[in-house]
Amino acid sequence: MTDLTRRKLIASGIAVTAGVSGLGVAARIAQRYGLVPPDHGGIYGLGETLTYASQRLLTRHSLAREFSRSQISKRPLANEIAPPSRAFKRLQAAGFVDWRLSVDGMVDRPGSFSLAELKTYPSRSQITEVACEEGWSYIAEWIGVPLAHVLNLVGVHPQARYVAYFSIEPDWWDSMDMADAMHPQTFLTYGMNGDELPVGNGGPLRMRVPRQLGYKSVKFITHLTVTDNLKGFGKGLGSAAPEAGYAWYAGI
Amino acid sequence: MAELESLQAPLGVGFPSSASSIPAPTVTSRHSVLVRVTHWIITLCFFALLVSGVEILISHPRFYWGETGTVLTTPLFKLPIPSSRTLVPTGYGYVLPDQNGWSRYLHFEAAWILVLTGLLYAIFGFFSGHFRKNLLPAKADRSWRAFSTAIAGHLRFRRPSDAEAQSYNVPQRLTYLFVIFVLFPLVIWSGLAMSPAFVSAFPTTATLLGGRQSARTIHFFVSLALALFVLVHLVMICVAGFWSRTRAMITGQTDSRQEERT
């Protein structure tokens with residue numbers, strides 16, 4: 001073996017060691033700055049972490065595209081059937097007057113809000129696109145109260161990192177980080193295209209997270225929990241989606 | 001052994017002029033280490049992207065133009081295949097099993113590895129002279145005549161001469177340049193245009209392509225073009241000698257005398 005190849009071997013050895021320890025340090029820093037998704041384990045963890053970390057760095061404050069009124073889809077796809085549970089049917093029969101959203105976890109004032117109460121808070125609307133992971137998409141006007149408003153009312157603890165949100169449908173829940181939770185376009189949505197939010201689109205109350213794919217906008221919301229750790233929820237992967245094989249972060 | 005090493009200069013990508021200066025050119029260096037390693041990583045990623053892409057596609061085998069499109073709107077065209085979702089009316093009496101979960105995980109992980117590897121290759125290609133020497137047609141070959149002669153040879157499935165086996169001809173060079181600098185950037189761009197978060201930060205990614213659904217349709221056609229390229233690439237390798245070419249891309253060497261016989 002010549003000198004040149006030995007030198008090369010040593011150099012590449014140092015490069016590999018530096019690379020591996022560099023990755024280790026990068027992982028520690030990423031964890032500290034909240035750039036690692038809860039479903040980072042397994043063979044797809046590398047891709048998920050790269051996607052979530054880079055999009056968090058690029059899009060922390062960016063706003064989802066908003067469209068003009070003329071671009072609203074003529075027929076918004078109502079891709080949901082009404083939850084078959086008796087509890088939902090009873091609430092629906094009464095016009096959802098008894099629908100409540102409870103908020104607990106790392107907050108100063110845990111509470112419960114009726115739809116009527118939510119509607120007394122400053123109402124916002126946005127004309128944004130729902131994009132499904134399957135490939136289809138439509139544009140609608142969404143009306144609701146920003147989630148940040150409700151979170152500020154209950155007083156979120158400074159160490160909070162995620163908001164978990166639950167549907168009246170069993171085993172349908174999700175969570176988002178505080179960047180999305182406090183984002184001005186993240187709505188507790190109760191209206192659509194100037195009317196009540198139809199059941200087929202997730203009414204009476206749907207979470208709307210327009211910077212992520214449709215499945216993040218969970219329908220029939222009844223409960224929120226603010227937390228600093230998602231380990232205790234379900235299988236600890238952040239939401240029901242990874243338990244069904246889907247990514248927790250749906251920004252792409 | 002020493003002779004072999006000297007022939008395998010790290011950036012010594014084989015092409016006729018350098019090959020002829022080496023005494024006894026039975027074994028020549030065809031592809032540099034970086035080209036070979038990135039080639040196989042990208043090959044692996046491409047097939048992962050292709051398989052997962054097809055799986056994602058069958059969950060909604062309809063295409064639209066513009067910003068939006070659902071089963072309630074008229075599609076630009078439909079693929080005559082069954083779907084993995086009940087939502088889509090395909091005319092088939094059955095629904096395929098949903099594979100989108102792992103397909104999406106794999107699609108984006110493979111895309112990351114491909115993009116990072118591609119960047120490494122591009123940086124190497126620019127600074128080592130790989131693009132200039134091996135892919136940009138030589139000055140004398142930048143004519144229609146040289147181009148048409150080579151195309152005619154291809155169409156007759158003429159086996160390459162010894163010199164040609166060590167280098168790329170003009171249509172080959174142009175095809176590689178088109179794949180590297182047009183198709184790959186376009187497939188990455190149209191893919192990113194479907195990311196709601198990326199588009200929130202860079203809206204023009206989607207608007208320049210005509211909207212989200214246009215981006216999806218473009219993504220489909222560019223992927224099809226890339227798949228077609230791979231198919232032609234494989235056919236060409238078979239015509240030129242499958243094992244010698246595959247060996248050249250693995251070990252970096254071709255044995256020119258042996259190739260004549262196989």
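View 1. In β2(A), A:Phe113 is the bridge partner of A:Leu101. The model is predicted; local features require pLDDT of at least 70 and side-chain atom pairs pLDDT 80 or more, whereas totals for chains, interfaces and linings use all residues. Residues are numbered from 1 along each chain as its sequence is written, and chains are lettered from A and ligands numbered from 1 in the order in which they are written. Strand β1 (residues 100-105) of chain A runs antiparallel to β2(A), and four bridges join them. Helices (H or I, at least four residues) and strands (E, at least two) are DSSP runs numbered from the N terminus, and two strands pair if DSSP finds at least two bridges between them. Apart from neighbours within four places in sequence, the contacts of A:Leu101 include A:Phe113, A:Leu188, A:Leu205 and A:Ile221; a contact requires C-beta atoms, placed from the backbone, within 7 Å.

**View 2. The five-stranded sheet of chain A.** The strand order of this open sheet is β2-β1-β10-β5-β6, with mixed pairing. β2 (111-114) and β6 (173-177) of chain A each have a single partner strand, so one side of each edge strand is left without a neighbour in the sheet. Direction ignored, neighbouring strands are turned by 20 degrees against each other on average, with axes fitted as lines to C-alpha atoms, for helices over the stretch in contact, and angles running from 0 to 180 degrees between N-to-C directions.

**View 3. The hairpin of β5 and β6 in chain A.** Strand β5 (residues 162-167) of chain A pairs with β6(A) in the antiparallel sense over five bridges, and A:Ala164 stands opposite A:Ser175 in β6(A). Five residues lie between the two strands of the hairpin, and A:Asp171 in the turn has a positive phi of about 60 degrees. In β6(A), five of its five residues are buried; the term buried denotes 20 or more other C-beta atoms within 10 Å of a residue's own, exposed 12 or fewer, and partly exposed the range in between, with C-beta atoms placed from the backbone. A:Trp173, A:Ser175 and A:Asp177 point one way from β6(A), while A:Asp174 and A:Met176 point the other way.

**View 4. The largest nonpolar core.** This core has 79 residues, and those with the most contacts inside it include A:Leu101, A:Ala164 and A:Tyr165. A nonpolar core is a set of buried Ala, Val, Leu, Ile, Met, Phe, Trp, Tyr and Cys residues joined through C-beta atoms within 7 Å.

**View 5. Crossing of α2(A) and α4(B).** The axes of α2(A) and helix α4 (residues 100-128) of chain B come within 8 Å and cross at roughly 75 degrees. The two helices, α2(A) and α4(B), are therefore roughly perpendicular, a class covering 65 to 115 degrees, with angles under 35 counted as roughly parallel, over 145 as roughly antiparallel and the rest as oblique. Among the residues of α2(A) that meet α4(B) are A:Leu46 and A:Leu50, and B:Tyr105 and B:Trp112 are among their counterparts.

**View 6. Helix α10 of chain B at B:Arg245.** B:Arg245 lies in α10 (residues 212-251) of chain B. This residue, B:Arg245, counts as partly exposed because it has 18 C-beta neighbours inside 10 Å. Leaving aside neighbours within four places in sequence, B:Arg245 is in contact with B:Ile237 and B:Ala240.

Terms used: Two residues are in contact if their C-beta atoms, placed from the backbone, lie within 7 Å.
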